[in-house]
Structures are given as structure tokens and as C-alpha cells.
Amino acid sequence: METKTVKLYSLDYNNVKTYLAASLFILGNLALPQLFHLIPQGGITWLPIYFFTLVGAYKFGWKVGLLTAVLSPVLNSLLFGMPLPAILLKSVLLAVAAGWAAHRFQRISLPILLAVVLFYQVAGTLGEWAMVGSFFRAVQDFRIGVPGMGLQVAGEYLLLKYSLQ
């Protein structure tokens, strides 16, 4: 059985590639939610705002992930009125968790990606609950967004393992 090696990077803020990569992922995080919002409840079901944050942080390190995690929700909020606090919190948690997991394990696997997604969702849900004061509203991603979490895990795995070399 052939094993395929996947290259993971840790770009620094003094590297122009950091900003180029983050810019591409931010553009992806602007376009993908707009496509999913053409489907009724597509945004809250498929959680597309997080897709390229996870890719960027896992493949290129937490610094690319953090730039993507902060600027994507802020720009989506300014341009399209997307709600900011909870999405920003979850995006930052995702970037830090994905960057840490990639650095720690130096490989891509479905269980690792599942753990990253569950971590940012659980921690983000607790933070959102504290912000909005409604447990029912805070667990919306677990009530409605499970398909999006599945897409993140499976889609990211396939993208990272077979496309982004």
C-alpha cells in the first residue's frame, strides 16, 4: 500500500506567502458563503465561512489561519451583514486548533480533523452561550449545522490530502 506524504507549512508574518495565502483563503471565505446562501438555510446548515479557515490553518500554519479567521468574518459582516461575534470566536478557535493539530501530528487524518471541528464547535458554542445568553441559540450549529461539520471534515481531508500539495 502506497503512503502519500502531505507537506504542511508554518508560514511567518514576515513572509509575503503568508499574506498571499491568507488573501486567497479570505476570498474563498467571502465567495463560498454567498454560494451557500443561495440555498434556503444554506449558511447555517453548511457552515461555509469556516471552510477555508481550516484549510489555511492546517496547511500553512496558525498565522495564515488567524489572518483568515479574523478578516473573513469581519469582511463578511461589513459587506453582507453576517453576524460577527460568535462567528469570529469560532473562526479564531478553529484557526488555533487546526494550526496546533497540524503542527502536533504532522499528518492529516479524518479523526484529527473531526477532533479539530468538534473542539472549535464545542468551545465556540460555550462562548456563544455566554455571549447571547441562550443555550438553544448557541447550539444552533449542532441542531442544524451537522452537515456542514461533516463537509468540513470530509472535504478538508480530501482537499488537503489530494489537492493542495
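These legends describe close-up views of helices in a predicted model.

**View 1. Helix 3 against helix 5.** Helix 3 covers residues 51-60, and helix 5 covers residues 85-105. Their axes come within 7 Å and cross at roughly 30°. Angles under 35 degrees count as roughly parallel, so helix 3 and helix 5 are roughly parallel to each other. The crossing is right-handed.

**View 2. Residues in the contact of helix 3 with helix 5.** Helix 3 contributes Thr 53, Leu 54, Ala 57 and Tyr 58. From helix 5 come Ser 91, Leu 94, Ala 95, Ala 98, Gly 99, Ala 101 and Ala 102. By class, eight residues of this contact are nonpolar and three are polar. No charged residues take part.

**View 3. Burial of helix 3.** Helix 3 is mostly covered, with ten of its ten residues buried. Among them are Phe 51, Phe 52, Lys 59 and Phe 60. The buried residues pack against helix 1 (16-36), helix 4 (62-80), helix 5, helix 6 and helix 9. Just after helix 3, Gly 61 takes a positive phi of about 105°.

**View 4. The span of helix 6.** Helix 6 has 23 residues, 110-132. At 1.5 Å a residue, helix 6 should span 33 Å. Its end C-alpha atoms are 32 Å apart, which agrees.

**View 5. Buried residues of helix 6.** Ile 112, Leu 113, Val 116, Val 117, Tyr 120, Gln 121, Gly 124, Thr 125, Gly 127 and Glu 128 are buried. Their cover includes helix 3, helix 5, helix 7 (135-138), helix 8 (140-144) and helix 9 (146-162).

Terms used:
Residues numbered from 1 in each chain as written. Predicted model: local features only at pLDDT ≥ 70, side-chain atom pairs only at ≥ 80, totals over all residues. Heavy atoms only, no water. Axes fitted to C-alpha atoms, helices over the stretch in contact; angles between N-to-C directions. Helix = DSSP H or I, 4+ residues; strand = E, 2+ residues; numbered from the N terminus. Parallel < 35°, antiparallel > 145°, perpendicular 65-115°, else oblique. Left-handed = near helix turned anticlockwise from the far one by under 90°. Contact = heavy atoms within 4.5 Å. Nonpolar A, V, L, I, M, F, W, Y, C, P; charged D, E, K, R; others polar. Expected span 1.5 Å × (residues − 1). Buried < 20%, exposed > 50% of the residue type's maximum accessible area, 1.4 Å probe, protein only.
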